[in-house]
Amino acid sequence: MWWGVAAALLANLLYSAGFVLEKRALAALPEVSVRQPARLLRLVLGSPLWIGGSLSLASGFGAQLVVYRTLPIAAAQGIFVSGLVILVLLSSVLLGEETSGRERYALGAILLALLMVVLSLKEGSDTVSRSAPAPLILLVCVPSLALGVWLYGSAERRARHRHRMPTTGVEYGVAVGLLYGVSSLAIKGVSSYLTASGFGGAVLGLLRSPYPYLLLFTGVFGLVMSQAALQRCRASLIVPVCTTVTCLFTAVLGTLAFGEALPEDPVRLALRIGGTALAVSVLLAMPKHDPPAKSQPSLPKRELISDESGRPAAEDTGVPAGQGAAASPREGDGER
C-alpha cells in the first residue's frame, strides 16, 4: 500500500508540473482554438517547453498505473486531490497567478471534502478490484464523454459573445474533468491487464476491451480541449476544478463499476457520502466570472493651472485663454 501512496504523490507532482509548463508555453503562442486542431497541434509541438510539460504528464500516467494496482479507487482519488496544493504553489511561483479569497476558501473546502473521503477508508477492509464488465464501463463512459464535449462546446459559444463577462473557466474545467474521469477509469482497466499471463495474451485481451479506445478518444479530445482552455483561463482555477470533477467521477462511478463496495460502518459511509456532497456543492458555488479589471481614475474635467509662482492662475476649461464667455477681463493681471 505504501508503494501506492508514494506513486500517487509522485503522480501529483508530475501532473502539476506538466500543467504549469504547458500553461507557460501556451502563453507565448498565438491563440489556439478547438475549431483548428491541426494548427493547435502544429503550434504546441513546436514548443520545447510544451513538450517538456507533456512528457511530465505522460510520466504521471505511468505512476497512476502503479497507484491503481495497489490502492482502492476512492483512496487513490483522495491522495490525487492533494496535488491541488502543489499546483497552486507552482502557479503562483512560475505563472504569477493569484487566487481570490473566495477561491482559496473553496480550495480549502475541497481538500476538507476529499479528506473526509480518505478518512472513510480502512486498511484491510477495502478491496482493490481488478476488472469491470465492459458493457457497464461503456454505459458509464459514453454518456459522460458526450456530456463533456457538449458542455465544452456550450462554453465556447458563450465565449464568442461580444459583451460577455470574462469567464474564470469553471465550465471548461468541468468539461475536461469529465473526459479525464473517463480516462482515469480506462487507466484503471488497463492496470488490470498488467499481471495477465504472457505478454501476448495481455495485449490481445487489452485490445478486446474498451479501455485502449477510450484512452485514444480522451487523449485526442482532452489534449485539444485542455490546451485551448489553459490558454484562456488561469491554471490555478481551471485545473483544480478539472481535478475535482475527475476525482469525484472516478471515486463514485469507478467504485460502482469495478465493484469496490462502499463501507458498511455508518460513520465511514457518512464520511464518504458527505465528503462527496460537500465537494460537489463547493464546485457549484465557485465564481463563474473573473472580476472586471480596475480602471485608472480619470483626470477631472476642470483643474487649476498654476503659474510660475505656484499660485492658481486660471481654470483649464479646454478653451484657449481670452476666448469664450468664461474669459475674465482680469486674467493675466498679476497685481491687485
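1. A pocket, as the word is used in this note, is an open set of grid points with protein on both sides within 12 Å along at least five of seven lines, and its lining residues have an atom within 4 Å of a point. In that sense, the largest share of the lining of the largest pocket comes from α10, which supplies seven residues. The model under discussion is a predicted one, and the remarks below should be read as a description of that model.

2. The largest pocket has a volume of about 850 Å³. Its lining is made up of 33 residues, of which Tyr15, Phe19, Leu57, Tyr180 and Ser183 are the closest to the centre of the pocket. The elements that contribute two or more residues to this lining are α1 (2-27), α3, α4, α5 (83-95), α8, α10 and α11.

3. The residues that line the largest cavity are Phe19, Tyr172, Gly173, Val176, Tyr180, Ser226, Ala229, Leu230, Ile238, Val239 and Cys242. Phe19 and Tyr180, which belong to this cavity lining, are also among the residues closest to the centre of the largest pocket.

4. At least two residues of the lining of the largest cavity come from each of α8 (170-191), α10 (211-232) and α11 (235-257), and α8 gives the most, with four residues.

5. A separate point concerns the packing of helix α3 (residues 48-70) with helix α4 (residues 73-80), whose axes come within 8 Å and cross at roughly 140°. Angles over 145 degrees would count as roughly antiparallel, and α3 and α4 are therefore oblique to each other. The crossing in which α3 passes α4 is right-handed.

6. Which residues of α3 and α4 make the contact? On the α3 side they are Gln64, Val67 and Tyr68, and on the α4 side Ala76, Gln77 and Phe80. Sorted by class, the contact of α3 with α4 consists of four nonpolar and two polar residues, and no charged residue takes part. Both α3 and α4 are also among the elements that give two or more residues to the lining of the largest pocket.

Definitions and conventions: Residues are numbered from 1 along each chain as its sequence is written. This is a predicted model: local features need pLDDT of at least 70, side-chain atom pairs count only at pLDDT 80 or more; totals for chains, interfaces and linings use all residues. Side-chain values use heavy atoms; hydrogens and water are left out. Axes are lines fitted to C-alpha atoms, for helices over the stretch in contact, and angles run from 0 to 180 degrees between N-to-C directions. Angles under 35 degrees count as roughly parallel, over 145 as roughly antiparallel, 65 to 115 as roughly perpendicular and the rest as oblique. A crossing is left-handed if the near helix is turned anticlockwise from the far one by less than a right angle, and right-handed if clockwise. Contact means heavy atoms within 4.5 Å. Ala, Val, Leu, Ile, Met, Phe, Trp, Tyr, Cys and Pro count as nonpolar, Asp, Glu, Lys and Arg as charged, and the others, Gly among them, as polar. On a 1 Å grid over the protein atoms alone, a cavity is a set of points where a 1.4 Å probe fits but cannot get out, and a pocket is an open set with protein on both sides within 12 Å along at least five of seven lines; lining residues have an atom within 4 Å of a point. Grid points are joined across faces, edges and corners, and a volume is the space filled by probe spheres set on the points.
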